[in-house]
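Hi,

Here is the structure I promised to pass on.

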Amino acid sequence: MIYLGLPQWSHPKWGRLGITSLEQYARFFNCVEGNTTLYALPKAEIVARWQAQTDDNFRFCFKFPATISHQAALRQCDDLTQEFFQRLSPLAGRIGQYWLQLPATFGPRDLPALWAFLDSLPKDFHYGVEVRHPGFFSKGDEERQLNRGLHERGVNRVILDSRPVHAAIPHNEAIIEAQRKKPKVPVHAVVTAGQPMVRFIGSDNMAQNLAMFTPWLEKLPLWQQTATPYLFLHTPDIAQAPELVDALWNTLRAALPDLGEAPAIPQQSSLF
């Protein structure tokens, strides 16, 4: 089993593809990143709408709010964490994993806070952690401590592959903005738990994306033998994300036959 999705479930330009809602998105993809929860909790009625628009085969991967991961730095945030879980509780059976996207300022000396926070979380869910501090990519003792602590707790290390977007020629505003915002960190394909998550940040050059995706065509099938990978495909202009899916699908299906046919997005091939 592998879950494949995009960083969001709607975009104004996806209307021409027949995707204008979560319900329509869920017809083509079996998971989605929940980026909006980083910035604000959804209202209860919106969560109820998300529940109504998906079925039990769909998986959400919501980010913990920045009030927890960035502002509180995982400290003294029990009330915020409880509110987060309570608000999303109608979707409890459809959570792929909740994940922390930690800022670059959260470094090795903050690991005790990370362990205390993870140990306090409900055991009913899977969790992931995305780090950005250089010390966690040094292949030294600091990174080993991180990986060991995550493995001991059954927590996934979220893997960011931003090589394509940073290798792109900055010829438009979307790429310039993505190169400014997306971390440029080494790709350490480490599996610390049973739901490894890969976030592949492509460029607008599909041939380049295909070439740089090649290592994942070996990793993902290998991981699938003992784990359930999650793959999220990004582009600088999210309007192009379905095009990236289209560009990668044949090679993905060759490596992962169980993936089946490409998402039957209406008129996709003729539109790109």
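A quick definition to start with: I say a charge sits over a ring if NZ of Lys or CZ of Arg is within 6 Å of the ring centre and within 35 degrees of the ring normal. Arg-157 does this with Phe-137, lying over the ring face at 5.0 Å from the centre.

Before the rest, some housekeeping. This is a predicted model, where local features need pLDDT of at least 70 and side-chain atom pairs count only at pLDDT 80 or more, while totals for chains, interfaces and linings use all residues. Residues are numbered from 1 along each chain as its sequence is written, and side-chain values use heavy atoms, with hydrogens and water left out.

**The cavity**

Arg-157 and Phe-137 turn up again in the lining of the largest cavity, along with others including Glu-130, Val-158 and His-188. On a 1 Å grid over the protein atoms alone, a cavity is a set of points where a 1.4 Å probe fits but cannot get out; a pocket is an open set with protein on both sides within 12 Å along at least five of seven lines; and lining residues have an atom within 4 Å of a point. Grid points are joined across faces, edges and corners, and a volume is the space filled by probe spheres set on the points. Searching the whole structure gives 1 cavity of 30 Å³ or more, and the volume of the largest cavity is about 90 Å³. Its lining has 8 nonpolar, 1 polar and 3 charged residues (Ala, Val, Leu, Ile, Met, Phe, Trp, Tyr, Cys and Pro count as nonpolar, Asp, Glu, Lys and Arg as charged, and the others, Gly among them, as polar).

**The sheet**

Helices (H or I, at least four residues) and strands (E, at least two) are DSSP runs, numbered from the N terminus. There is an open sheet of 3 strands in the order β4-β5-β6, with parallel pairing; two strands pair if DSSP finds at least two bridges between them. β4 and β6 (156–157) are the edge strands, each pairing on one side only. β4 (residues 98–101) and β5 are joined in the parallel sense over 4 bridges, with Tyr-98 opposite Tyr-127 and Trp-99 opposite Gly-128.

In a regular strand the side chains alternate between the two faces of the sheet. In β5 (residues 127–130) both faces are covered: Tyr-127 and Val-129 on one side, and Gly-128 and Glu-130 on the other, are all buried. Buried means under 20% relative accessible area, exposed over 50%, and partly exposed in between (1.4 Å probe, protein chains only).

**Aromatic rings**

I get 24 aromatic pairs. Rings of Phe, Tyr and Trp (its six-membered ring) pair if their centres lie within 6.5 Å; planes under 30 degrees apart count as stacked, over 60 as edge-to-face and the rest as tilted. Trp-9 and Phe-60 make an edge-to-face pair, 6.2 Å centre to centre with 85 degrees between the planes. Trp-9 is in the loop between β1 (3–6) and α1 (22–25) and Phe-60 is in β3 (residues 59–62), so this pair ties together parts 51 residues apart in sequence. Both Trp-9 and Phe-60 are buried.

Phe-60 also pairs with Trp-50: the ring centres are 6.4 Å apart and the planes at 25 degrees, so these two are stacked. Here the link is between helix α2 (residues 44–52), which holds Trp-50, and β3, with the two residues 10 apart. Trp-50 is buried at 8% relative accessibility, and Phe-60 is buried at 0%. Ring pairs link Trp-9, Trp-50 and Phe-60 into a cluster whose members also include Tyr-25 and Phe-29.

The largest pocket has about 750 Å³. It is lined by 33 residues, of which Asn-35, Tyr-39, Lys-63, Lys-182 and Arg-199 are the closest to its centre. α8 gives the largest share of that lining, 4 residues. By type, the lining has 17 nonpolar, 9 polar and 7 charged residues.

The second largest pocket holds about 210 Å³.

**Backbone**

Most residues other than glycine have a negative phi, and most peptide bonds are trans. Ala-73, in the loop between α3 and α4 (78–87), has a positive phi of about 50 degrees. Lys-139, in the loop between β5 and α6 (141–153), has a positive phi of about 60 degrees, and at 63% relative accessibility Lys-139 counts as exposed.

Cheers
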